[in-house]
Amino acid sequence: MQCYAAEPPLCQSGAMAVMSLKENIRERAAGYGFALCHVTQPDVGALHAEALQRWCDAGMQGDMAWMGEVVRLERRKTPESMLEGVKSIITVAMPYTAPAYGLEEASAAKESGVITAYAHGDDYHDIMKKRLKALALELDEMLGVHDQRVFVDTAPVLEHALADASGLGWQGKHTLTIDRKLGSWFLLGEIFTTAEIEPDESATNHCGSCTACIDVCPTQAIVAPFVVDARLCISYLTIEFDGFIPSQLRPLMGNRIYGCDDCQMVCPWNGHVSKDKPLIDDLLMPKGENNLPDLASLLRLDDEGFRIRFRRSPIKRTKRRGLLRNVCIAMGNSGMTTFVPALLDVLDDHEALIRGHAAWALARLTDQDNQAQLLAALALQLEHEKDPAALQEFSSAIEDIKEAL
Ligand code: B12
Ligand code: SF4
Ligand code: SF4
């Protein structure tokens, strides 16, 4: 045992607090907002390595080429390939505020879009990376000569497997990492170091016979316990996928316009996590504007408006074209003909992706009163349309409206 802390409150004169290296790291991590901090060895285990390979072989990564690419795939399986001589991996979790609404309230808000809770504040990637680097600097003092690297999300690191092995939390059937107290409302990061730190015990699974997440998934993307087919997952479709969303999946997306939290919202381990009391973390603090935002206002955003509104938000990832595509789908699913004028306004948008999805949405909102107007507007646009995919959307929309007559 050794006292590693040089300054109060860890080592106060008279009441010398003696703590182990790991306790000291944990305490410092907590100072950066990392509510959980554990340690493991650089080994993801055969179960995870094989399951990852099967997932990619089945093409479940969809268009996320960076997940299937051979070199990166091998790196995920072998953490030692990410830092020569790595001996220990420190895993951390940074909590964010759970959604302030329930599933029913969110889907009943037809004029609004649902944005995943982690994206209600600033972009966590920037925040966590900065904080992990600052923590890593402090480790330099504690660990002596060592090499280290920090990772958050985007690197080829199998974060759940390492979190599980380090005892930070278990991987639930929806594949997210869960802690008994925090539920799953947190994000993961790691520090890889060449220093040797005593590893923690791995986590134990507490899903039991529950299948709530599998049952609630709107697109049945959890194809088996612990297996999410990304191609079906609304999170993938709304954030990662850049093209025309398969038309059979669009009605299932409801009003989710950026990510999806359904499988987490029904998880009993999230039941006790407070929805009303935001976590005190200034940067990740939810901004009201992303809490069930008005769909019509979002559809009016031009490129500059989008850039300004989302410049510090993870939502910038989809670019305007992706978000407005999702907004069109939510409008089409709303059953609200009051959205028709807004959708007609973007039928000649400079982005084919938005034009095409607006056409689809208009066909869904056709009624006796507006069908002639909609057919005329779509036919007019069809004459000028050059993009093959948008052209296809216009033709299908016209056919659908005619069939409904
Ligand atoms: C690709 C990716 C996605 C993809 C694919 C999701 C997936 N399940 O793979 C998409 C875009 C769909 C996605 C969505 C989301 N993501 Co994501 N995503 C990632 C990323 C970059 C890689 C995940 C990965 O390795 N997938 C490959 C597959 C094969 O892994 P897997 O699904 O975990 O499968 C494992 C299990 O099947 C396990 N296994 C096999 N058999 C068995 C048996 C048992 C008993 C057990 C326990 C395990 C087990 O082995 C496999 C390999 O480890 C990670 C960050 C990272 N670098 O790890 C973030 C990450 C997982 N995402 C995260 C988040 C927040 C989300 C969303 C909640 C965002 C949202 N609200 O929209 C959703 C949740 C959807 C869901 N249910 O998974 C967080 C999760 C935080 C947490 N508490 O767990 C991460 C860790 C990012 C971060 N740094 O915080 N994501
Ligand atoms: S995030 Fe949504 S779509 Fe994806 S697995 Fe969970 S419930 Fe299903
Ligand atoms: S909903 Fe049930 S099965 Fe799914 S992760 Fe939570 S406890 Fe596990």
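The model is predicted, so local features need pLDDT of at least 70 and side-chain atom pairs count only at pLDDT 80 or more, while totals for chains, interfaces and linings use all residues. Residues are numbered from 1 along each chain as its sequence is written, and chains are lettered from A and ligands numbered from 1 in the order in which they are written.

**Overall fold**

- The chain holds 17 helices and 10 strands, where helices (H or I, at least four residues) and strands (E, at least two) are DSSP runs numbered from the N terminus.
- The C-alpha trace spans about 85 × 45 × 40 Å along its principal axes.
- Of the 405 residues, 43% count as buried, a term that requires 20 or more other C-beta atoms within 10 Å of the residue's own, with 12 or fewer making a residue exposed, the range in between making it partly exposed, and C-beta atoms placed from the backbone.
- Among contacts in the chain with a separation of 6 or more, 76% join residues 24 or more positions apart, two residues being in contact if their C-beta atoms, placed from the backbone, lie within 7 Å.

**Ligand shells**

- Around ligand 1 there are 38 residues, the closest being Ala51, Glu159, Leu187, Ser235 and Gly259; a residue is near a molecule if its C-beta atom, placed from the backbone, lies within 6 Å of it.
- Two or more residues of the shell around ligand 1 come from each of helix H2 (46-57), H7, strand S7 (186-193), strand S9 (227-228) and H9, and H2 gives the most, with five residues.
- By class, the shell around ligand 1 comprises 23 nonpolar, 11 polar and four charged residues, where Ala, Val, Leu, Ile, Met, Phe, Trp, Tyr, Cys and Pro count as nonpolar, Asp, Glu, Lys and Arg as charged, and the others, Gly among them, as polar.
- Ligand 2 is surrounded by 13 residues, the closest being Cys217, Cys233, Cys260, Asp262 and Cys263, and at least two residues of its shell are supplied by each of helix H9 (234-240) and helix H10 (262-265).
- The shell around ligand 2 has nine nonpolar, three polar and one charged residues.
- The residues surrounding ligand 3 include Cys207, Cys210, Cys213 and Cys267, together with Lys173, His174 and Trp269, and its shell has eight nonpolar, three polar and one charged residues.

**Helix packing around H15**

- Helix H13 (residues 319-334) packs with helix H15 (residues 352-364) at an angle of about 5°, their axes lying 8 Å apart, which makes H13 roughly parallel to H15.
- Axes here are lines fitted to C-alpha atoms, for helices over the stretch in contact, with angles running from 0 to 180 degrees between N-to-C directions; angles under 35 degrees count as roughly parallel, over 145 as roughly antiparallel, 65 to 115 as roughly perpendicular and the rest as oblique.
- In the contact of H13 with H15, the residues on the H13 side include Leu324, Cys328 and Ile329, and those on the H15 side include Ile354, His357 and Trp360; this contact divides into nine nonpolar, two polar and three charged residues.
- The axes of H15 and helix H17 (residues 388-404) come within 8 Å and cross at roughly 10°, and these two helices are therefore roughly parallel to each other.
- Where H15 meets H17, the residues include Arg355, Ala359 and Trp360 in H15 and Glu393, Phe394 and Ile401 in H17, and this contact divides into 10 nonpolar, one polar and three charged residues.

**Single residues**

- Glycine 332 is placed in helix H13 and is buried, with 24 other C-beta atoms within 10 Å.
- Leaving aside neighbours within four places in sequence, glycine 332 is in contact with Arg250, Trp360, Ala361, Arg364 and Leu365.
- Most residues other than glycine have a negative phi.
- Aspartate 153, in the loop between strand S4 (148-151) and helix H7 (159-165), has a positive phi near 70° and counts as partly exposed with 13 C-beta neighbours inside 10 Å.
- Glutamine 220, in the loop between helix H8 (212-216) and strand S8 (222-224), has a positive phi of about 50° and is partly exposed, with 13 other C-beta atoms within 10 Å.
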